[in-house]
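This report describes selected local features of a predicted model. The sequence and structure are shown first.

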Amino acid sequence: MYPNIYFALKDLFGNLPSWLHWLRFINSFGFFVALSFIAAAVALTKELMRKEREGVLQYTEEMVWVGKPASPTELSLNFLLGFLLGFKVVGLITADPALTNNVQEYLISMQGSWVAGIIGGLLMAGLKLYETNKRKLPQPQEKKVRIWPHDRVGDLTIYAFIFGFIGAKIFNSLETWDEFVKDPFGSLFSFSGLTFYGGLICAAVAIWIYARKHGIGFWHLNDATAPGLMLAYAIGRIGCQVSGDGDWGVLNSAYITYPTTSKPMLASPDQVLTTIKQNSYLYLEQFHTIDKVPRISFQAPSWLPDWLFAYAYPHNVNGVGAQIANCNPEYSQFGQYCRQLPVPVFPTPIYETITCFILFFILWRLRKRLRIPGMLFGVYLILNGIERFLVEHIRVNTTYDIFGFHPTQAELISSGLIIAGAWIFFDRKRKGTPMPPGRGGIAIE
């Protein structure tokens, strides 16, 4: 596992020069989350522009002032942004490593470089002042400008990020209620523990309100968003796997882990049970009893690698597991990165990444064939729900007791998504009007 980008690059290219050591402060999971947002934004922009060329999405006109000097509010916001970047980012690079072992805690703490923050704030505010002064007119003018839907992708991405994060934290708190009650503030403001569907639901509501306000067709926007959402989920799961953030499957009780090489080795049921008992402290807190530790015995086919079905997540970012023998000194310098699972688990993030990349290409192929707005989004909900419902059967999750059934939160929501997707698909097919093949002789991709 690679807790940060530094360890990943070092594993690929060997020893890195000292001036690249700052890469250890770039969290692996956060890096792939950022990539997922970029990928989703690119896919969304491409789809919106295609729909604009087809004539099914139109621009809106807004009145803006041209030639006005920077307002105190604009300068203040730019100063605040520059201050935060300098205070946290420069502070993160220059601080004593002992203070920044946990990057997530550092980001929400009061630690940072005040000098760099003030310099960064003044720089950003100065740049804003310089740019507006270049365009300043003796007499500011109010002009009418055209804004196309694809011009708003930046705003849509920011809305998705902010409300997605809030929703993910709220739903995760509901899923881990006991931990939330013990430490509500720490649970809500920690960067660990995110529930995808909570983020999806809250982000969707925020984007719907934004789209309605700015006259963007609701179903067209949903269809344009669908492939990018699937792609973003696939990339985000790479971050889960690379960092070892705890989002893995149940134990594969056909194996135990080599203590020195982290490789799985075949074991008898008695050996597995002995290993679990020897590391009971890892399981009792979550499952309360060793007898209820969820596990499935499955031996990997001879033509596939064992780690594809039994992975120990060495050096995982959560510091979960048994101590790794002879741990690399660089990992041990950041103590929480020297642990691995004594009984390997199913690496479900790998399965979801592969599956969702395939589903992304399916949606990308269907986007021009389903001509009734909303049908593609219905297909996305169905595929997403089926994928998540199936993987939940080999994942470790909190369950609910509902009339004798014990579903997980993700199973409940994914079932709802399948039903909602099917309803949307058939309802739009029955009521919707097919889009024309193009307008004004404009070529379609």
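## Helix α14

Helix α14 comprises 19 residues, 348-366. From its first C-alpha to its last it reaches 27 Å, close to the 27 Å expected at 1.5 Å a residue.

The buried residues of this helix are Thr348, Pro349, Ile350, Tyr351, Glu352, Thr353, Cys356, Leu359, Phe360 and Leu363. They pack against two other helices, α10 (218-243) and α15 (375-391).

## Serine 262

Serine 262 lies in the loop between strands β4 (255-257) and β5 (264-266). Its relative accessibility is 18%, so serine 262 counts as buried, the cut-off being under 20%.

With residues up to four places away in sequence left out, serine 262 touches Thr257, Ala312, Pro314 and Gln340. In the case of glutamine 340, the two side chains make a polar contact at 2.4 Å.

Ile158, Tyr159, Phe161, Ile162, Phe163, Ile166 and Ile170 make a nonpolar surface patch of about 620 Å². Isoleucine 170, one of these residues, is placed in helix α6, which covers residues 153-175.

Isoleucine 170 has a relative accessible area of 39% and is therefore partly exposed, since that class lies between the 20% and 50% limits.

## Helix α1 and the glycine that follows

In helix α1 (residues 5-13), the buried residues include Ile5, Tyr6, Phe7 and Ala8. Glycine 14 follows this helix and has a positive phi, near 85°.

How values were computed. Residues are numbered from 1 along each chain as its sequence is written. This is a predicted model: local features need pLDDT of at least 70, side-chain atom pairs count only at pLDDT 80 or more; totals for chains, interfaces and linings use all residues. Side-chain values use heavy atoms; hydrogens and water are left out. Buried means under 20% relative accessible area, exposed over 50%, partly exposed in between (1.4 Å probe, protein chains only). Helices (H or I, at least four residues) and strands (E, at least two) are DSSP runs, numbered from the N terminus. A polar contact is a pair of N or O atoms within 3.5 Å; within protein, one must be able to donate a hydrogen and the other to accept it, and residues adjacent in sequence count only if both atoms are side-chain atoms. Contact means heavy atoms within 4.5 Å. Patches are made of residues with over 30% relative accessible area and no salt bridge: like charges are joined within 9 Å, nonpolar side chains (Val, Leu, Ile, Met, Phe, Trp, Tyr) within 5 Å. Accessible areas come from the Shrake-Rupley method with a 1.4 Å probe; for residues, only the protein chains shown count as cover. A salt bridge is a side-chain nitrogen of Lys or Arg within 4 Å of a carboxyl oxygen of Asp or Glu. The expected span of a helix is 1.5 Å times one less than its number of residues.
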